[in-house]
Structure formats: C-alpha cells, structure tokens
Amino acid sequence: MAVKVIIPTPLRAYAGKQESVEVQAATVGEALAALTGKFAELKKHLYSDDGRLRSFVNVYVNDEDIRYLQKDQTAVREGDTISIVPSIAGGARD
Amino acid sequence: MATKTGIPAGPAMTKPGVTLSKEEVMRYSRHLIMPEVGMEGQLKIKQAKVLCIGTGGLGAPLGLYLAAAGVGRIGLVDFDVVDTTNLQRQVLFGTSDVGRPKTEAAAERLRNLNPDIRIDTFETQLTSANALELFKDYDIIVDGTDNFPTRYLVNDACVITGKPNVYGSIFRFEGQITVFGYPGGPCYRCLYPEPPPPGLVPSCAEGGVLGVLPGIVGTIQAAETLKLIIGKGEPLIGRLLLFDALAMKFRELKLRKNPECPVCGEHPTLTKLIDYAEFCGVRGEEGPTTVTNVPEITPKELKTRLDRGDDIYILDVREPHEYQICNINGHLIPLGELSKRVHELDSSREIVAHCKSGKRSAEAVEFLRGAGFRKISSLKGGILGWSDEVDPTVPKY
C-alpha cells in the first residue's frame, strides 16, 4: 500500500529536505521502518535506544494518534497519510 | 469539554452592575452589533482576566488583539528586553524601544491602544515559585513562550489551578495551536509526556522563524481566547491545529486526554510544580557549548597565528544560508553533512572549526576527533566571537 508520510519541519534536514515521502507499507511500523531505511539519520530522532518511539514525537494516521489505535501495528490503507508531529517550543524569542 | 454543538461556558461570568460607558459602546460597536458577541459577550470580555506568558512573537499580536477587543485585565510576564532582532516579528515594539524591558514597552503600547483596560506587568521569569501565585488572579493563561521548561511549567500550573492554557508554538514556518488544560480536555503532557532530550532537536542550525508566522499563530491564540471568554463557537479543545505557512495549509489532528497522564490523568502522580530546568535537561536556545572538553582556540589566538602565517585550515560547519550572511573564508561543510564529507578534510593539517557561537563546532570537533583527527580545535564563541574580538565588520546575526 502506498502511504504518504509527512515530515515535520524540524526533521526535514534528516529526510533529504523533503516535506513528505511516499512508502509502501501495511502498518505504521512498516511505514516508519521503510522511512528510516531510506533515511538512516532519521532513526535516532524517532526512536530511543531501546527501539521505542520517542515521547516527544507523536505519529498520526490521518487525524488519529496511533497511541489510541494499535500503535505501530496500526494498519494503513492505500492513500492514508501518516504525520510525524514532534513537540516544538518556539515562540517569544529565538 | 466541547461537543459538536456544545460550548464550554466562558470563564468570565457577567456580574450584575457591570456596564459599558458611552465611549465603550462606540469603541466596541463592531462587536456589539454582532449577535455572537453582543452586549453580553462584550461585558464578559470586559470582565475577563488573561495572563500572557511571553510578550515576544506570539505575545505581540495576542496582546494587541486582546487589548483592542477590550479584555478588562491583561497580565504580561516577560523578563527580557527588546532587542533589534525582535523587530522582524514582534510588532508590539518599535525601533525606539530597543533596550527597554518588553513588559514596559508592551504595556505602554497597549495602554495607548486601549486606555480603558488594566495592564499588569511582571518583569520576571515565570518559575515554579511564582507561577501558581501569578495564575491565581486570571481566568485564562496564554502560552507564548519559547522553551520547553516554561511550556511544561505553564501546563502543569494550568492543570493544578484548573485554568485553560491557550497554546501556540512555532518553528521556522510551521505552527501548532490548541487549548490545553480545559477541565475534561487534554493537557500538554497528554500529547507530549516528555520534552526532547538536550541536543536531539536541531536548534541553532535549524533555527529562525518567518516573521509573519508568530503573527498568524498568536492571532489564532487571541481568537481562541476570545471564544473561551464569550463561550461561543467550537474551541480548539481536543484538537491540534497545525499550520504550514510555506504550503499555506492548515491540518487538524485529534488530541485525546491520556487517562495515564501524570498531571491530568485518573491517578495523577504530579500534583505540585517541579524543577522544570532539570526535567528538561536544560536546553532550549543556543547557549554555551554543550559538548565540553574539546580543544578550543580563542578568536584572538587564531588571528595572531593566521597573521604570522601558520598553516591553519578553517572549517565552517554552519549552513550555506548562514555563510551568505557572513564568513571568514572557511571551507563550508554543514555539521549535518560532516560524516559524509569527512574525506574532503586533510587530517595531517591543523584545522580550526567554527560555527555561529561554538556549539556546533564543538560537536564537529568531537566527531572529527573520533574519526582520527588530532590537530583540530573549535573557535571559541564562533563567528560571533570573531566579530566581537577580531573583526567588528563581520555582521552578527
């Protein structure tokens, strides 16, 4: 299944500066594995050393948080959009 | 909690006896003739008390619109002074305000905009020691800060005091907006239980912000604040609005209350404020070198050695767009590309790496030492230090 993964601005530097990447996958886990397979540097920004998704990074399938679906086992369908949403802190100053 | 048609009651209840003067009726006439606000809504706005954390990029449009709308009492918390680099986006301030405390300059501007409202200024840093006391007098807290420790502090203090937190944050050309901490709704920790560990999120190399972005995000925060006050419309509770100014696209994601949230969950384990600098591992802005124990050379030493003809290879590890702003004729390899382009460097030559202020070059030196480079050091204070100590014609950014 072809799914689109939207790369957030802070992580684009580690994903060939692309806004989104299309990958073939049946689950969210497979999609992220395909993504980090293409862009190895992205891996340490998405996963901690014990292989768990980092707690300041959330992953959505369409508009749903995968933590409330089946996490990385969440099935994806053709045309679904996966969003990686990291916390950003900017505001007042730089 | 909002439902499709339900609206949370505005935190400000209209007290009997509060009225608008003839001048106020004139000033707010475009609100008054609109049924969604009307006299009832305007009186709620007049009695509302909103605390703005940060009077920078987000706080500027927020403060202006809340003051213009007639929010009766606006608190401003900021410990900073106006800096020239703020003027690109912090539209509350003018060139003549450079060097003034932000709260003072902001209050003056807002009082000029609307003399009928009360502006409280707190020229202080929000801390675990003062947050609960500061929040006590306000109905709604608006988070326009720029760092993770303060964001977690604002969140926790809002949950503890039961006040909604109108949240906005920005990065380059992307923004996130939502309302946290509304009774029954999710909080910041439901979304992000923990902050990024220090050094993992790109900071200085990836920094910068499109000047108009905080204008858009702060204005959305102002709209959400006013909606909460008048109790109309569908607030951004349980919804995270993502905005991309380059693509000019808004997207919306569902936010759920995490039953296991340590602050607002069913069995909270965090019931009082903590040390947020420690919790976040003290990170945020580009500060002093975080990679320590790498060899350093001061700008003056480097200049002396270059002048006497020593063979020193200057390696600039900043980004190409930074090189365009100013450079000292270094060989440009951005830090992120160093591992792939290390073959461009000759380990037999003496190398001095530099960046903007010394953080990235320290990382570069650490990496290159690991790759077998021995005659390598980091320029202390970066090109900013060079500008300060050696060549003031090099512009600082």
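**View 1. Crossing of helix 4 and helix 9 in chain B.** In this predicted model, helix 4 of chain B passes helix 9 of chain B in a right-handed crossing. The axes of helix 4 (residues 59–69) and helix 9 (residues 212–230) of chain B come within 7 Å, and the angle at which they cross is roughly 35°. Helix 4 of chain B contributes B:Gly59, B:Ala60, B:Pro61, B:Leu62, B:Tyr65, B:Leu66 and B:Ala69, and these meet a set from helix 9 of chain B that consists of B:Gly215, B:Gly218, B:Thr219, B:Gln221, B:Ala222, B:Thr225 and B:Leu226. Sorted by class, the residues of this contact between helix 4 and helix 9 of chain B comprise eight nonpolar and six polar residues, with no charged residue.

**View 2. The parallel sheet of chain B.** Five strands of chain B form an open sheet in the order 9-13-12-10-11, and their pairing is parallel. Its edges are strand 9 (296–297) and strand 11 (331–332) of chain B, each of which pairs on one side only. Strand 10 (residues 312–316) of chain B pairs with strand 11 of chain B in the parallel sense over two bridges, and with strand 12 of chain B, also in the parallel sense, over five bridges. Towards strand 11 of chain B, B:Leu315 stands opposite B:His331 and B:Asp316 stands opposite B:Leu332, whereas towards strand 12 of chain B, B:Tyr313 stands opposite B:Ile351. Helix 14 (residues 359–370) of chain B lies across strand 12 (350–354) and strand 13 (376–379) of chain B, and runs at about 175° to strand 13 of chain B.

**View 3. The mixed sheet of chain A.** The open sheet of chain A has five strands in the order 2-1-5-3-4, with mixed pairing. Strand 2 (20–24) and strand 4 of chain A are the edge strands, each pairing on one side only. Strand 1 (residues 2–6) of chain A is paired with strand 5 of chain A in the parallel sense over three bridges, and within this part of the sheet A:Ser83 in strand 5 of chain A is the bridge partner of A:Ile6. Helix 1 (residues 28–38) of chain A lies across strand 1, strand 2, strand 3 and strand 5 of chain A, running at about 115° to strand 2 of chain A.

**View 4. The contact between chain A and chain B.** Chain A gives 23 residues to this contact and chain B gives 40 residues. On the side of chain A that touches chain B, the elements giving two or more residues are strand 3 (57–61), strand 4 (64–65) and strand 5 (81–86) of chain A. That side of chain A is made up of ten nonpolar, eight polar and five charged residues. For the model, the scores are ipTM 0.90 and pTM 0.85.

**View 5. Domains and confidence in chain B.** Chain B is divided into domain 1 (22–279) and domain 2 (296–389), and the centres of these two domains of chain B, taken over C-alpha atoms, are separated by 40 Å. The mean pLDDT of chain B is 92, with 92% of its residues reaching 70 or more. Over residues 1–12 of chain B, however, pLDDT stays under 50, although the model has 29 contacts beyond four places in sequence for this stretch. Residues 283–289 of chain B likewise have pLDDT below 50, and here the model shows 14 contacts beyond near neighbours in sequence. Where pLDDT is low, the predicted coordinates should not be read in detail.

Terms used:
Residues numbered from 1 in each chain as written. Chains lettered and ligands numbered in written order. Predicted model: local features only at pLDDT ≥ 70, side-chain atom pairs only at ≥ 80, totals over all residues. Contact = placed C-beta atoms within 7 Å. Helix = DSSP H or I, 4+ residues; strand = E, 2+ residues; numbered from the N terminus. Nonpolar A, V, L, I, M, F, W, Y, C, P; charged D, E, K, R; others polar. Pairing = 2+ DSSP bridges. Axes fitted to C-alpha atoms, helices over the stretch in contact; angles between N-to-C directions. pLDDT = per-residue confidence, 0-100. Domains from an automatic or database assignment. Left-handed = near helix turned anticlockwise from the far one by under 90°.
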